[in-house]
Amino acid sequence: MYKWYALKRILKGVVMYALLIFTFSLLFNTVAENTLKGQIEEQVRQESMRFKNLQAEQLRLKQIERRIQLYHLYRLDRSWTERVVFRALDTLTFKFGKSTIIKTQRGEREVIKIIGEALPRSMLLFTTTIVLEIFFGIWLGLKKAQKPGGPLDKSTSFITMVVYGLPSWWLGMMLIMILVYGVNLFPSGGLHSVPTPGGIRKVLDLLWHMVLPMLTLFLIGFWSLGFVVRNIVLGVLQEDYIMSARARGIPENKVLFGHTMRTSAPPLVTMALLSLLASISGSIIFEGIFSWPGLGNLYWIAIQQNDIPVLLANLAVTTGIYQAGLVFLDLIYGFLDPRIKIGGKA
Amino acid sequence: MKLMDVTYRFREFWEEFRKEKNGLVGLGILGIAMLAVLAEPILLPFPEAGSRWRDITYWQDNSASAPPAWTNFFTSKKSAVSRVLSNPAVEETGPSERTYAFEYDYRFNGPPNDFILRGRGSGTLPLTVTGFRPDGLSVEVVRYVLSGLSDEPFRLSLGNEGRSNAMEFLKGWERRKNAPQIATMRYGVTDILFSQAQPDFVKGPVPLDGRYRIEVRAGFTDSGAAVDSIELAVVGRVSGVLGTDSMKRDIFSGVVAGMKWALLIGLLTSVISVLVGVFYGITSAYFGSRVDSIMMLVFDYFISLPVLPILIVFSAIYKPSIWTIIAALIVFSWVGPVKTVRSMALQIKEETFIEAARALGSGHRRIIFRHMAPLLIPYSFASMALAVPGAIVYEASVSLLGLGDATIVTWGQILHDALGSGAVLNGLWWWVVPPGLLIAVMGMTFAFLGFAMDKILHPKLKTR
């Protein structure tokens, strides 16, 4: 049953995510604790400002007492194993603590809010690009598969190979250099112009800022997606029932979109989403080039400011999105593939 | 498998590969890249570029942010090219005086930024530098005494030391009424030295073409005085094959020195990780049942790691060396071929020759290494080639964030510096284009190779 398949897959995803977070906590526990200790010191110092009338000795005792309190609160007085486990649990329940430097636009220092601010912006950019890429990629792939070895197929396959190792961020740099500082067609980066216009103009302004990053991702992803689609569709087009459909005089477009697409949908969707997922995880730093204030840009800032809590939380969230993407992919596959839907072995 | 089999299969493969034009192009570019790595000592204009990339003193005699020398072909205003004048004509001009004469042929519109006199010296050395111009005039640019040297390198910037003398020279023929302008505009020594001596210089200097002679007179009155390997560096406005960056580093040297690292990262990562992946897949398929389930669980764990984010955070926290980065890349990317190899191995496992081998008493290891692996490894060659660009781009991405190994120079690091110094903003294309283009070309090369091999080894993808 699909229900059980889905449940099983989601559970597996959750367990995997927990395992990954546990690994991170194992790898990065020391540095996270050092940052936390630094933050506690800062807090103790600030609090002791209030006790100006106390004598030096009393103040010192009070500070030590407070430090012990805070260490206990943050479980820094436990054994190493416990600390690692608790860190993993905290991350799993999204208790990321406070950042050291980075703030949200409103000035909040909770890491979860910083990430919450960046996440929708990344989502906006990447989902729009993905939709565009899938649409044009499938169209290109089908056209390529129709006449394999033809001029369109050959030329686009050649481009696929040419852009195979092209870093998206470098293409972004080039496009900025030409289209922004050379011709001055687009803004150099960011989400909105300063000052931000109101009403419908605000949306248009946002779209105008999105064009260049989207174009960059599209120019790289589009070809390879078309290539993947071509290979899958080509396999299906060699089947007998396609030939019989053509022989019956069914219009070519109907054969392509009706008959071929139905069979090749499951692997198509999987491959397309998988390649896109990989490309997104790869172009995470690409946002920094365009100063697009999403999760990728947050990596740049967190590294520049050496803000460890934000860096680690960002990693946890990115991993979570990636994991969710993998689960989602399998769910779609299962949904499209009748063998799983009816209840064969998953 | 015997050697004859290997050569036979290779020849068979080569017969097919020869027909793939793209594959041959890829092979050609790879060959050129390999040659460039081997010929690095000959190719590098700055031999220590790789090891002293971040040493400012090594690059101090270059000009900053200079475009490539060949840009002169595309502009009407030619700029002086950076070069080093060595082997001066030596002449004994007095009882304890020697003259070193440098000939400089100047046919440009934009004079050099500076001249650097350098060499090794000992003792106390009075130096006088005089410039003889094609129009017969001469300027005593610098009078300087080097002292307290003991076979040490010395360095004298004529642009810094000769300013007042050049100003005097300028005042000799410029109109008196322009004097205030001269004082405020602060012309460089070379601007004055390479311009025609005619009034109204301040309205726009007119370049004076011709052969210049720069004489360095050194006095040897001090008994221990000696001078050696004296040369004059012309700090031009355009420089080298690919220009310089804002830290005066020669970009061509950096790019060539980065080539070996790119190839090393790419090839080492892909070969090791694909081999690990192939054997992992075979083992998992061969043993089946419980071993298979456990191995697939581990595989699932590794496949759900988002490579780049983890690599970035890891590098930010542990500041790894290039070897650690390669090791980390291998840990992340061995999962690539596992799924395909496993499904192929599952088929091979059921073949009769495996059964026969088992019946003859072959051990597990023998079956895996002698019977299954030789059939599957050729398929992994395509995966190896296709895994190279990814590894190169990953390292470049980490370096772009400034987290690379600081003891070497890679293309990503050059781009990091370019981004940090606003090369994109200021249009210093010779700094941004070459490293990125080379990453892209390397990716293309291995894509050509990989796709060509894929086509031969998986005939299903062949176009009808």
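Biologist: How much area is buried between chain B and chain A, and what part of the area do carbon and sulfur atoms give?

Modeller: In this predicted model, about 4,400 Å² is buried between the two chains, with 79% given by carbon and sulfur atoms. The contact takes 47 residues from chain A and 47 residues from chain B.

Biologist: Why are A:Lys12 and B:Asp300 said to meet in a salt bridge?

Modeller: Their side chains lie 2.8 Å apart, N to O. The cut-off for a Lys nitrogen and an Asp carboxyl oxygen is within 4 Å, so the pair counts as a salt bridge. The count between chain B and chain A is one salt bridge, and seven residue pairs are found in polar contact across the interface.

Biologist: Which helix gives the most to the side of chain B that touches chain A?

Modeller: That is α18(B), with twelve residues. Other helices of chain B that each supply at least two residues include α10 (289–303) and α15 (364–400).

Biologist: How do the residues on that side of chain B divide?

Modeller: There are 38 nonpolar, seven polar and two charged residues. Gly counts as polar here, so any Gly would fall in the polar group.

Biologist: Now to the second largest pocket: what lines it?

Modeller: Its lining has 37 residues, and among those nearest the centre are A:Leu36 and A:Phe96. α1(A) gives the most, 14 residues. The lining divides into 19 nonpolar, nine polar and nine charged residues, and about 1,000 Å³ of space lies in this pocket.

Methods:
Residues are numbered from 1 along each chain as its sequence is written. Chains are lettered from A and ligands numbered from 1 in the order in which they are written. This is a predicted model: local features need pLDDT of at least 70, side-chain atom pairs count only at pLDDT 80 or more; totals for chains, interfaces and linings use all residues. Side-chain values use heavy atoms; hydrogens and water are left out. On a 1 Å grid over the protein atoms alone, a cavity is a set of points where a 1.4 Å probe fits but cannot get out, and a pocket is an open set with protein on both sides within 12 Å along at least five of seven lines; lining residues have an atom within 4 Å of a point. Grid points are joined across faces, edges and corners, and a volume is the space filled by probe spheres set on the points. Helices (H or I, at least four residues) and strands (E, at least two) are DSSP runs, numbered from the N terminus. Contact means heavy atoms within 4.5 Å. Buried area is the accessible area (1.4 Å probe) that two parts lose on being put together, summed over both. A polar contact is a pair of N or O atoms within 3.5 Å; within protein, one must be able to donate a hydrogen and the other to accept it, and residues adjacent in sequence count only if both atoms are side-chain atoms.
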